[in-house]
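Welcome, and take a moment to look over the chains below. This briefing will walk you through them topic by topic.

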Amino acid sequence: MAMLETKNLGISFGGLRAVDEFNLTVERGQLYGLIGPNGAGKTTVFNLLTGVYAPTTGGFFLEGKSLAGKTPLEINRCGIARTFQNIRLFKEMSVIDNVKVGLHNAANYSIFDGLFMLPRYAREEKELQTRARELLDVFGLDGERDYLASNLPYGKQRKLEIARALATSPKLLLLDEPAAGMNPQETAELMETICFVRDHFDMTILLIEHDMKLVSGICEQVTVLNFGTTLAQGQTAEVLADPRVVRAYLGE
Amino acid sequence: MQTFISTLIDGLSLGSLYALVALGYSMVYGIAKMLNFAHGDVIMVGIYVLFVALGAMGTSPLMLTIAALIMIVFCALLGFTIEKLAYKPLRAASPLSVLITAIGVSYLLQNLALLIFGSRQQKVPTYFHLGSIYIGGVQIELLSLLILAVTIVVMILLSIFINKTKLGSAMLAVSEDKGAAQLMGINVNATISLTFVIGSALAGVGALLYAAKMPWVGPYTGSVFGIKAFAAAVFGGIGSIPGAMIGGVLIGIIEAMMNVFLPDVLSNASDGFAYLVLIIMLVIKPTGLLGRKHVEKV
Amino acid sequence: MKTRLQRLLPLAGAALLYGVILLLMATKVLPRSYQQMLPTICTYIIMAVSLNLVVGFLGDLSLGHAAFYAVGAYVGGMILRYLTAIPFGVRVIVAIAAAAAVAFVIGGAFLYFVRKLHGDYLAIVTLAFGEFVRSIVKIIPGTGGSAGLTDIPTIAAGAFPIKYIKAFSWSYVIMVISIFLIVNLIRSRHGRAIMAVRDNSIAAASVGINVSRCRIVTFAIAALFAGIAGVLYAANTAAVNPADFDYNVSIEVLVMVVLGGMGNIGGSIIATIILVALPKVLLDAAQYRLLIYAIALIAMMMLNANPRFTAFKRRVSEKTSKFVKSLGRGRD
């Protein structure tokens, strides 16, 4: 069974069809790219997949389970986590606390346990600390764990967002322009990290990216969106060579 | 039935007062994206100015006209000053900071009034000597009709100003997108100032009519009235002139009806029920009847 | 991360402070007028710290915190006044438990009802709710109506300074427990969820935080502590009146929170002490008190909007946190 499958997924905003007849199948363990010119509807697809918007037509399935119409919260609990195009960290919290928020549902102790610092609270908090530091370590952020998230340099903020998303133990990770604003060296590093995450956490990853070097470098398959409709789909190298795709990006 | 109709008309005039004040909230909310908490207190200040001026000069038609003009200009200047001194420095601050500042300004005006005039309610001299007429056995106060008429005229003038003049379109542009408006050569700061001036002048007109209907003023007169007017603005739809009218009239009628028809046991808490109505209105229609829905972009 | 033992250290500090204050009271070094003020300070500290939970940590503005204070004062006051069959000591505990429970439920139910509202709109409905409660109290049987509830049995009995020592002692104990619990809440996973909602509610939902539930529970807990503060008020002053819980009280507490720093518990405590004591210290300034509050609110926001001031604040807070860390070295 496919990890993610969308069937005729679509949404319109007041008559404007932002995404139309969107079909996509991402297999388990795949690194899948979603590309297209600005305004093509890529982020809208992410917002549909994470429940920020409810689809007006069609649906989508995570390991066969229909998730259309569920809230962001429910969808996260079902196993989809994401990052945001415009970084959305918890700015006034420390780096490690950002990850611990992601681990919120990994702990079970109640408010009552916390209020009175009962043994269960202490035990689980210790575990959270260890797990959060392990995650930060993967992204080379452990040394900065006590910094305020907003004080991190841009590239590291993007990494922290990925770490936070991973903390929710998702089956599918959605990355919205992870390399935006990064220099070539940072991007190269990020590509390694993404591949590492895929292998190390046995993760399926769907990512939106404008940096073609990143897409052709790590994505096995891509889908090209243009004006809300699917322009091309398939093996990365073939799709990127497709004249229609080139035209969509460069114009006539 | 006759009580019902006269209460209805009373509510209608009260409601149009709310609508007038709601317009001030609505304009500022639409353009500066902030709740000008002090707006209601500007009305309070206006009534005090009227109280002092009429006390000193008497209520002859000429003096009344002069006093009213002084008061409205004073309100407009006050609004202008508040914006310049308190809100402008916070253009880039978080909404929470701006809101707290606005509460601070409101609190400042209230307590200045408290220091100057004391907590006792002061009686404003009667200045509109209008009687009432009878239509089909129902007594209708001419003052109610006057308030209604003034509100409608003001609304029409405001609509024309916003939709037909250059300054009006500048205001619409700023409310839509500050950055883009700036790029189009619109002076954003001046436009925001203008909005505060107009809104506060409307509060002045409101003060004139309010004190004619309810001639008592205390430091908290404006804030209570203002909060209800804001609820009216929200319910009708922020940025919508007819919306403010609908919201205001609705609150006015409900309040007038409650004052008359609430059982004696509950009438002690009639204030409380007015607030309850306000909460319910905000809860059932936070986006407003005629307003537009704003969704945060993800 | 601090161990549980380290987290208990402030309690030892609180006990020490209690001893010092007690000594000052018993020896009458602390004048009568100041002794009289101490229970009020304790009550307001609970109010400020609990409001900070909502304003500073959750990031929602409440202008109706006095509503829950009123609920606690009336529930507690009525229990103390009418349930005379129960021995006084037990009655006090029952009063606190009942007031806390009722305030918790009302706070949670209120936010459940208005959960769709945020920012300015929420501020308005909290304000309206505060006035609603204050007004509705008048028509509930047993509350004494507009005249208020009087002759509430009080803990403060005896001659000077015994009277004030009693009043202070129980207020202090309840205050310390309240602060301790609120701090623990903030440092738990639920506290992090609260701050996450404040910083970015969309991101919080995306990592599995139930934003609505989080807001409802936070409001309920803040209301619970305001309710407890209400019992302190009722039992210390022996009389409660609807006028004691007006808009001004909510604003006064908000000033304490803002002045002390939103999201800063220690700041709230210090600001409360200063603001309650100030009118006594500066007798001449008493009539300008509310005016000063208003100016303080505006000035704080102006300062916070000033980048140089925020940079300065950050430097200071980083230095203090480094210093505090150096005290507890070897852990983590």
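Residues are numbered from 1 along each chain as its sequence is written, while chains are lettered from A and ligands numbered from 1 in the order in which they are written.

**Confidence**

- The model scores ipTM 0.92 and pTM 0.91.
- Chain C has a mean pLDDT of 90, with 94% of its residues at 70 or more; pLDDT is the predictor's confidence in each residue, from 0 to 100.
- In residues 328–332 of chain C the pLDDT falls below 50, and this stretch has 6 contacts in the model beyond near neighbours in sequence. Two residues are in contact if their C-beta atoms, placed from the backbone, lie within 7 Å.
- Where pLDDT is low, the predicted coordinates should not be read in detail.

**Domains of chain A**

- Chain A is assigned domain 1 (1–79 + 170–252) and domain 2 (90–165), with bounds that come from an automatic or database domain assignment.
- Taken over C-alpha atoms, the centres of these two domains of chain A are 27 Å apart.
- Where they meet, 9 residues of domain 1 of chain A are in contact with 8 residues of domain 2 of chain A.
- On the domain 1 side, β7 (172–176) and α7 (184–200) of chain A are the elements that give two or more residues. Helices (H or I, at least four residues) and strands (E, at least two) are DSSP runs, numbered from the N terminus.
- That side of domain 1 of chain A divides into 5 nonpolar, 2 polar and 2 charged residues. Here Ala, Val, Leu, Ile, Met, Phe, Trp, Tyr, Cys and Pro count as nonpolar, Asp, Glu, Lys and Arg as charged, and the others, Gly among them, as polar.

**Helix packing in chain B**

- Helix α6 (residues 166–176) and helix α8 (residues 188–213) of chain B pack at about 105 degrees, their axes 10 Å apart. Axes are lines fitted to C-alpha atoms, for helices over the stretch in contact, and angles run from 0 to 180 degrees between N-to-C directions.
- This angle makes α6(B) roughly perpendicular to α8(B); angles under 35 degrees count as roughly parallel, over 145 as roughly antiparallel, 65 to 115 as roughly perpendicular and the rest as oblique.
- From α6(B), Leu167(B), Ala170(B), Met171(B) and Val174(B) meet Val188(B), Thr191(B), Ile192(B), Leu194(B) and Thr195(B) of α8(B).
- By class, this contact of α6(B) with α8(B) has 7 nonpolar, 2 polar and no charged residues.
- Helix α9 (residues 221–236) and helix α12 (residues 270–284) of chain B have axes that come within 9 Å and cross at roughly 25 degrees, so α9(B) and α12(B) are roughly parallel to each other.
- Lys228(B), Ala231(B), Val234(B) and Phe235(B) of α9(B) make the contact with Ala274(B), Leu278(B), Met281(B) and Leu282(B) of α12(B).

- The contact of chains B and C takes 38 residues from chain B and 36 from chain C.
- α4(B) supplies the largest share of the chain B side, 14 residues.
- That side of chain B divides into 30 nonpolar, 6 polar and 2 charged residues.

How values were computed
Predicted model: local features only at pLDDT ≥ 70, side-chain atom pairs only at ≥ 80, totals over all residues.
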